[in-house]
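Please read this briefing alongside the sequence and the 3D view shown below.

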Amino acid sequence: MRRGVILAVALGVLSGVSCAHSSKTTPAAAPTPAPGAGAAANTANRTPPPAAPPVAPPTTVAQNGPPNGGPPNGPPGGRGFGRPQLTPEQRAAHRDSMTAIRAGAVQEVMASIAGYETKRAGDVFKNLKLLQDSSAETVVKMMDQTFGRGLGVSCSQCHVPGQWADDSKQAKQTARVMLEMVNMINTTELSKLGNNGRSPKINCVTCHRGNTNPGSALLP
């Protein structure tokens, strides 16, 4: 009887140890992700970048004419310098307007030299670097009819009104160079084409045609 009890106790102890050992289960290993699964998950969780705004196609000038009334296949502005092409009526109105403005300036200058109109221009006007031997009246008329009319401008194109001796405008410097060029062509080159003792002459309007930029347009 005692031996049976001891055997039962021994079996019970062994059974308890076995159960305790079996209760300590090893945690299951995490499944190995398939190749590329992690990158795909990260990509799926990432906020996509905003779409780039559409790029407008470059603006081109139509072959049958640019804006601002320019000529076909020409630059905007028509006259090649950002100015719209003028109609014959607009050109005539512009010339009349410039003529009227110059007439006021001519009247002012002629009044200031009253009594000295026939005197040597170099003795009447200050800072006159060319045409000094012409009469004062001749110089005024030349600036009005030859320079002003030839370029279609008023006196303020080259001068500071009321301060005629002022040299601050580049156009005045350019006018002196152009006048020397015209004189050289007339006396040195065109004199070779004498016809019965008379040589052809050029002046501002020969090239400018009533425009500040020579050769850019023709008078109507």
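**Overall architecture**

Read from the N terminus, the elements of the chain follow the order α-α-α-α-α-α-α, which amounts to seven helices and zero strands. The model is a predicted one, and the points below should be read with that in mind.

- Of the 220 residues that make up the chain, 17% count as buried.
- The chain exposes about 15800 Å², and carbon and sulfur atoms supply 60% of that area.
- When contacts with a separation of 6 or more are considered, residues 24 or more positions apart account for 39% of them.

**The largest pocket**

- The largest pocket in the model has a volume of about 1100 Å³, and its lining is made up of 45 residues, of which M143, F147, C158, H159 and A175 lie nearest the centre.
- The elements that each give two or more residues to this lining are α3 (88-112), α5 (136-151), α6 (170-189) and α7 (204-208).
- Among the contributors to the lining of the largest pocket, α6 supplies the largest share, with ten residues.
- Sorted by class, the lining of the largest pocket consists of 30 nonpolar, ten polar and five charged residues.

**The second largest pocket**

- The second largest pocket has a volume of about 160 Å³, and it is lined by L131, M142, T146, F147, L179, V182, N183, I202, N203 and C204.
- Two or more residues of the lining of the second largest pocket come from each of α5 and α6, and these two helices also give two or more residues to the lining of the largest pocket.
- The lining of the second largest pocket holds seven nonpolar and three polar residues, with no charged residues.
- F147 is listed in the lining of the second largest pocket, and F147 is also one of the residues that lie nearest the centre of the largest pocket.

**The nonpolar core**

- The largest nonpolar core in the chain has five residues, namely V109, M110, I113, A136 and V140, and the elements that give two or more residues to this core are α3 and α5.

Note on methods: Residues are numbered from 1 along each chain as its sequence is written. This is a predicted model: local features need pLDDT of at least 70, side-chain atom pairs count only at pLDDT 80 or more; totals for chains, interfaces and linings use all residues. Side-chain values use heavy atoms; hydrogens and water are left out. On a 1 Å grid over the protein atoms alone, a cavity is a set of points where a 1.4 Å probe fits but cannot get out, and a pocket is an open set with protein on both sides within 12 Å along at least five of seven lines; lining residues have an atom within 4 Å of a point. Grid points are joined across faces, edges and corners, and a volume is the space filled by probe spheres set on the points. Helices (H or I, at least four residues) and strands (E, at least two) are DSSP runs, numbered from the N terminus. Ala, Val, Leu, Ile, Met, Phe, Trp, Tyr, Cys and Pro count as nonpolar, Asp, Glu, Lys and Arg as charged, and the others, Gly among them, as polar. Buried means under 20% relative accessible area, exposed over 50%, partly exposed in between (1.4 Å probe, protein chains only). Contact means heavy atoms within 4.5 Å. Accessible areas come from the Shrake-Rupley method with a 1.4 Å probe; for residues, only the protein chains shown count as cover. A nonpolar core is a set of buried Ala, Val, Leu, Ile, Met, Phe, Trp, Tyr and Cys residues joined through side-chain atoms within 4.5 Å.
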